[in-house]
Amino acid sequence: MDLLEKIRILADAAKYDVSCSSSGSDRENKNGGIGNAAFYGICHSWSEDGRCISLLKILFTNICIYDCSYCVNRCSNDVERAIFTPDELADITINFYRRNYIEGLFLSSAVYKSPDYTMELLIKTVKKLREEYNFNGYIHLKAIPGADVNLIRLAGLYADRMSVNIELPSEKSLKLLAPQKTKESIIKPMSFIHSQLLEKSESKKLMRHTDKFVPAGQTTQLIIGATPESDRTILKLSENLYKYYDLKRVYYSAYIPVFNGNNLLGVSSPPLLREHRLYQADWLLRYYNFKADELLTEEEPNFDVSLDPKINWAMKNLNLFPVEVNTADYNMLLRVPGIGLRTAKRIVKARKAANLNYDSLKKLGVVLKRAKYFITCNGKYYGECEMEKDKIKNKLTTNKNRILDGQLSIFDINNKFKNLPIIV
Amino acid sequence: MINYIFDGTFDGLMTVVYESYYSHQHPNDIFSEVNHQINFLGHGVFVATDIDKSDKVQNAITTKISKEALRNIYYVYLSELESSYMLIYKYVRLGFKIGKKIDYFIQNDVVHEVTKLSQRVKHEAYKMIELIRFKEVKKGLFIAKIHPDYNVLPIIMPHFAERFQDQYFIIHDEKRNLSAVYDKKAWIIIDMPLENISNMKDTEDYEILWKMYHKSISIEERKNLRLQRQHMPKKYWDMLTEKQ
Ligand code: SF4
């Protein structure tokens, strides 16, 4: 089989993994080698679905011994199969990199022969890149569930980032849809990576040179909508992953029903909007100091998909609004719908120089379409209606289709700082 | 009030700032002789570029205002807009008066303009860093062609020189006929048409592989061409292997 065919099959098989970020590592080019990693990550292209392409995201092979029912590559599914050699993959990576197509490699794989055997193939590939080609670009490696921790340790010395996909938000769902995987086989590598990271950061304090172990940390992915877990369950899970395993990102992937198989739960189209709301909520956790419990309650465990989670929260807490832009503290400004991280910073900066009026807000680039219902400017309220829940909601959703469309079009996948104000 | 004329270089512009400060002659306008057939009979004073004077002004900007301010000024200069010279002059004046705090004065028209314009240049430089595509024209020699709105070569070269330390490469700005050349040690920007070096018509194998990859990674059910265009503006498509 020629390379073109392999790329066709194995890129196609990797495309449902949503992680693509190349950020978080500042590996430098050394000894006149090739490549470096930009801390904020760089996208090089966008596919026709609008997602950023930063890394050569590809499977080593899609030949799998497992049979997870949500997955196109499950062994019982009738699809074309292919497998690379470490040489081929290293060569393509370097040559794509030299042409500025990519920031590096995101190498994942189905489970070929055994978890350990697969892990070894991945390690061979990245070892070649680092040691033979002197490649210092970004490498994201998938830790294969069930692989020996010693292999994971070795892999972590070559990679900038590692991820273990949780895929299903509860153990029960895992048992049901991926019976060969156990919670243990997923959590173990994850906590191992975490403990290695802690260890390295400790020893870094003592010695100047320690080997870098996944400097950009670890991430994971959850499939949304294949199983019945609520948004609250999912968001709480993410919150805990950030808190206890110090994960850099949790990615959410709307379940896309795969053909040739039993259509789980009768899902007919991917719940993209729900996925989008979860991403927004996730941003609120990580950058806006929200807690999962503030956003969703046991009584209302799912987001109202017609409103973004921040507006949703503001509506439930109207008593905290309106806030005066000239005096409100930074954290409160951040909670105003329509004001993102960058604008909040600009407001704080600009009001040191002069009092802000409504026009100067516009000049600062504050998008007032939503914000105006939640702020005052020198004591004056500019919302076109009274501060009542239904009236505001009505105003905000009159051109609903346009809003929804616009928001979907900016769903965050590229994790770049300039794209931060996703939730505004 | 007089008109100053300089040679179009950044150092030249900084020399103008120096001269105007020391002669207490505010400019009415500042022209570059490159852009203009200046009527020398008018009230124009030609200022010859002086590196020492330019350095002094740049140092003063860094210490009295900020490093950030100097970078903003440089980016605005690279916009090549005729109005940018006076804008820079006014910004520097204001900066010398109010110092580091200038960044807070986002509401001031001059500061606002400078911030906006420098952002735009920075944005385009960033787009180039993302979207430049190299081609191996001879064993070990890589070439990319670009045609940015602004003169961003000096901004992006450090990035690529750092990254591709072990390859010879040229980035050619077709619009300005400038070539930035890196020889595994250092880079320079020179006036040079590309014709002599290569004809870039042949399609490389890796280009075919990349196109296949690009197509294959896209999820049909999520097709969103508008979003794709938003990040990859059409005006750059002719640079992009995957869009040919
Ligand atoms: S182990 Fe991975 S590749 Fe194999 S069927 Fe399960 S999810 Fe798919």
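In the predicted model, strand β7 (residues 178–182) of chain B pairs with β8(B) in the antiparallel sense, over five bridges. Y182(B) has W187(B) in β8(B) as its bridge partner. Both strands belong to an open sheet of five strands in chain B, ordered β4-β5-β6-β7-β8, in which the pairing is mixed. The edges of this sheet are formed by β4 (135–138) and β8 (187–191) of chain B, each of which pairs on one side only. From one strand to the next, the twist averages 25°.

Chain B also forms an interface with chain A, in which 64 residues of chain A are in contact with 55 residues of chain B. The two chains bury about 5500 Å² between them, and 56% of this area lies on carbon and sulfur atoms. In chain A, the residues that lose the most area to chain B are W46(A), E48(A) and R99(A), which together account for 14% of what that side buries.

Six salt bridges are found across the interface of chain A and chain B. One joins the side chains of R99(A) and E204(B), with an N to O distance of 2.6 Å.

On the side of chain A that touches chain B, the elements giving two or more residues are α1 (3–12), β1 (45–46), β3 (55–59), α2 (86–98), α8 (272–287), α12 (341–353) and α13 (358–363) of chain A. The largest share, six residues, comes from α1(A). By residue class, this side of chain A comprises 28 nonpolar, 17 polar and 19 charged residues.

Note on methods
Residues numbered from 1 in each chain as written. Chains lettered and ligands numbered in written order. Predicted model: local features only at pLDDT ≥ 70, side-chain atom pairs only at ≥ 80, totals over all residues. Heavy atoms only, no water. Contact = heavy atoms within 4.5 Å. Buried area = accessible area lost by both parts, 1.4 Å probe. Salt bridge = Lys/Arg side-chain N within 4 Å of Asp/Glu carboxyl O. Helix = DSSP H or I, 4+ residues; strand = E, 2+ residues; numbered from the N terminus. Nonpolar A, V, L, I, M, F, W, Y, C, P; charged D, E, K, R; others polar. Pairing = 2+ DSSP bridges. Axes fitted to C-alpha atoms, helices over the stretch in contact; angles between N-to-C directions.
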